[in-house]
Amino acid sequence: MFPQILFQTHLVLGYVAWLLCFGAYIWPRLKAMDHFDAQRAIATLHSFRFFGLVFMLPGVVGPNLPASFAAPAAYWDFTTGVLAMLALLSVRIRPLFWLFVVAFNLVGFVDLLFNYYHAVQVDLPAKAGELGAVYAIPILIVPLLMITHVAAFYFLLRRRPNATQAFGGGVTA
């Protein structure tokens, strides 16, 4: 099987597996949470994105992994991880927390979109072996990150009904 087909098959199946898992186990839990707590859980996951710096670590990735792909992917991931950590550190200052939640989700989502674009530009599927030990990141981790960004945006854009709306109107005497 050609490396391109294998890589693309892995990527698609990574999304399928995570969507099945997310739909069955993660989404019901997140929806049951207060939006603040759901965003904290998503931020906790994304706080580990500092690991993306590994894309620039010689010996972990192949020497022919295009730098035009590796460096932006590494730095945008790192930035997303730091912003997610700042969100978690600012939980007691709600306006700051929400600012960092929006920031890490925007930066992280754009990062993943740009990574897909750059991967196509440098024909990364044909060079998938150059990913070396980080091959699992785009196949197993990126799909979950993208799915959780979409969930975070859903929570950010969806208004939570207040108590009076949730119970059918105001208090009667």
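## Lining of the largest pocket

Helix H1 (3–32), helix H3 (67–89), helix H4 (94–121) and helix H5 (136–157) each contribute at least two residues to the lining of the largest pocket; helices are DSSP runs (H or I, at least four residues) numbered from the N terminus. The model is predicted: local features need pLDDT of at least 70, side-chain atom pairs count only at pLDDT 80 or more, and totals for chains, interfaces and linings use all residues. Residues are numbered from 1 along each chain as its sequence is written, and side-chain values use heavy atoms, with hydrogens and water left out.

H5 supplies the largest share of this lining, six residues. Of the 25 lining residues, Phe 55, Leu 112, Ile 137, Pro 138 and Val 142 lie nearest the centre of the pocket. By class, the lining holds 20 nonpolar, three polar and two charged residues (Ala, Val, Leu, Ile, Met, Phe, Trp, Tyr, Cys and Pro count as nonpolar, Asp, Glu, Lys and Arg as charged, and the others, Gly among them, as polar).

## Packing of H3 and H4

The axes of H3 and H4 come within 8 Å and cross at roughly 165°. H3 is therefore roughly antiparallel to H4 (angles over 145 degrees count as roughly antiparallel). The contact of H3 with H4 comprises 17 nonpolar, six polar and two charged residues.

## His 46

His 46 belongs to helix H2 (residues 35–46). His 46 counts as buried because its relative accessibility is 0% (buried means under 20% relative accessible area, with a 1.4 Å probe and protein chains only). His 46 and Asp 77 are 31 residues apart in sequence, and their C-alpha atoms are 9.0 Å apart in space.

Technical notes:
1 Å grid on protein atoms, 1.4 Å probe; cavity = no way out; pocket = protein on both sides within 12 Å on 5 of 7 lines; lining within 4 Å. Axes fitted to C-alpha atoms, helices over the stretch in contact; angles between N-to-C directions. Parallel < 35°, antiparallel > 145°, perpendicular 65-115°, else oblique. Buried < 20%, exposed > 50% of the residue type's maximum accessible area, 1.4 Å probe, protein only.
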